Amino acid sequence: MRPSLAFQLLLAVALVVATVSANAAQVCTTQSVGNQEFRGISGSSDSDVIAVGKKGAIYQYDGSNWTPMINPGNEDLNDVEVVDADTAFAVGKDGEVLQLVSGVWTSIGGFTNEDLLGVWAASATEVYAVGKKGTLYRYDGSIWTDQGAPAGTDNKDIEDAWGDANFFYAVGEQGRLYRYDRATSTWLPPDTSCTVGDKFEDLWGDGNGNVYLVGKKNVHLYDGSSCAVIATAGENLLGVSGWTQDGDVLAVGKKGTVLEFDGTVWTETQEGNNEFKDDWLSP
């Protein structure tokens, strides 16, 4: 049975859109936040959401208001991962990596000059950053270690990263999946099931072995052994996330495209005409 409310946040150019679903009926409100383009969003709860973007823009949502956060640098930021109310990581241009500890952002980069495009963290001592030209690094709380060789990356851009209790995943621009078994601390051979030529942008999994990937106008479902297109939108898709317990999956993209799976069917709507770069779905 679906809950009566699910709260979703979407990113657009200098806009944050809050979407409230009540038994599949959507009500959208739009709020202007800052004057920079947002590119990534993540949260630990409805009162702890962080959005990042161009020129080092970082804003935090407390459930009522968006407030700018102090960034020690000004590089463009492409992605953010919120671990809990006190810990988050953001990555961006020229190898920029920021860590949030108890409300203060500090720079912990310097291990690469390549643009970093995605980040995922299980904790403050297990963080993965991915980016241009096959860049893939892991952070243990003290040092960053190059994982490119053990993961089997090529020279193609790695667009984003995601993980669950069992595995860490990273997706290349052509759909090549890099997989790390967190239980055995081993890298599996790269999986090419999804390499069908789409320009992949994002991925999210339900924790049960199903990983959703968006590339061009398609949503792909990877089940650990095969990859199939399960939904197609009218515009290119750039972000995807979901809520495991409810079975909801939300993909967003160009021209305000919102493609939602309610556990049974996919429904496409247009929310304005701005480009949605990323989305985050909370419990």
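Q: In which strand is Asn78 found?
A: The model is predicted. In this model, Asn78 belongs to a strand that covers residues 77–84. That element is strand S8.

Q: Is Asn78 buried or exposed?
A: A residue counts as buried under 20% relative accessible area. The relative accessible area of Asn78 is 15%, so Asn78 is buried.

Q: With which side chain does the side chain of Asn78 make a polar contact?
A: Leaving aside neighbours within four places in sequence, the residues in contact with Asn78 include Gly40, Val52, Val91 and Leu116. Arg39 is also one of these contacts. The polar contact between side chains, at 3.0 Å, is with Arg39.

Q: Which residue in S23 is the bridge partner of His220?
A: Strand S22 spans residues 218–222 and runs antiparallel to S23. The two are joined by 5 bridges. For His220, the partner in S23 is Val229.

Q: How many residues apart in sequence are the parts that the pair of Cys194 and Cys227 ties together?
A: Both Cys194 and Cys227 are buried. Cys194 lies in the loop between strand S19 (186–191) and S20, whereas Cys227 lies in strand S23, so the pair ties together parts of the chain whose separation in sequence is 33 residues.

Q: Which residue in S25 is the bridge partner of Val240?
A: Strand S24 (residues 237–243) is mostly covered, with 7 of its 7 residues buried. S24 runs antiparallel to strand S25 (residues 248–253), and 6 bridges join them. In S25, Val240 is partnered by Ala251.

Q: What is the phi of Asp94 near?
A: Asp94 sits in the loop between strand S9 (87–92) and strand S10 (97–101). At 40% relative accessibility, Asp94 is partly exposed. Its phi is positive although the residue is not glycine, with a value near 55°.

Q: Where is Lys255 found?
A: Lys255 is a residue other than glycine with a positive phi, near 55°. Its relative accessible area is 44%, so Lys255 counts as partly exposed. Lys255 is found in the loop between S25 and strand S26 (257–261).

Q: What is the angle between the planes of Trp162 and Tyr169?
A: The whole structure has 17 aromatic pairs. Trp162 and Tyr169 form one that is stacked, 6.2 Å centre to centre. Both residues are buried. The angle between their planes is 20°.

Q: How many residues apart are Phe168 and Trp187?
A: Phe168 and Trp187 form an edge-to-face pair, 6.1 Å centre to centre with 85° between the planes. Both are buried. The pair links distant parts of the chain, from strand S17 (residues 167–172) to strand S19, and its members are 19 residues apart.

Technical notes: Residues numbered from 1 in each chain as written. Predicted model: local features only at pLDDT ≥ 70, side-chain atom pairs only at ≥ 80, totals over all residues. Heavy atoms only, no water. Helix = DSSP H or I, 4+ residues; strand = E, 2+ residues; numbered from the N terminus. Buried < 20%, exposed > 50% of the residue type's maximum accessible area, 1.4 Å probe, protein only. Polar contact = N/O pair within 3.5 Å; in protein donor to acceptor, adjacent residues only side chain to side chain. Contact = heavy atoms within 4.5 Å. Pairing = 2+ DSSP bridges. Phe/Tyr/Trp six-rings, centres within 6.5 Å; stacked < 30°, edge-to-face > 60°.
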